[in-house]
Amino acid sequence: MTSFAEMLRNITPDVYASLKTAVEIGKWSDGRKLTQEQKELCLQAMIAWEQDNLPEEQRTGYMGPQSCKSEAKTVPNILFSTGSDTLH
């Protein structure tokens, strides 16, 4: 039996695409349902393959640059306001 690392070295783009489809729909191409263990192993294999073969923005789970949109706005401090900036 080969190790997981050896198996990863043998994944082709076609095998990767098949694993990805199986995880997405929860079934193998012949219609058999993936077990929870199979889903986990397929995802591990996909992520490991992507690490070596895809740019970061194309990898599973990539969310792009993250920032808080509220940081761009000035929010008035209504708790400790001066008399001139109070809300009426």
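## Fold

Helices (H or I, at least four residues) and strands (E, at least two) are DSSP runs, numbered from the N terminus. In this predicted model, the protein chain reads α-α-α along the sequence. That gives three helices and zero strands.

Residues are numbered from 1 along each chain as its sequence is written. Local features need pLDDT of at least 70, side-chain atom pairs count only at pLDDT 80 or more, totals for chains, interfaces and linings use all residues, and side-chain values use heavy atoms, with hydrogens and water left out.

## Confidence

The pLDDT is the predictor's confidence in each residue, from 0 to 100. The protein chain averages 84. Of its residues, 83% score at least 70. Among the elements, α1 has the lowest mean pLDDT, 84. Helix α2 (residues 13-25) has the highest, 95. Where pLDDT is low, the predicted coordinates should not be read in detail.

The protein chain has 88 residues, and 14% of them are buried (under 20% relative accessible area, 1.4 Å probe, protein chains only).

## Surface

The protein chain exposes about 7500 Å² (Shrake-Rupley method, 1.4 Å probe). Carbon and sulfur atoms supply 55% of that area.

M7 lies in helix α1, residues 4-9. M7 counts as partly exposed because its relative accessibility is 36%, between the limits of 20% for buried and 50% for exposed.
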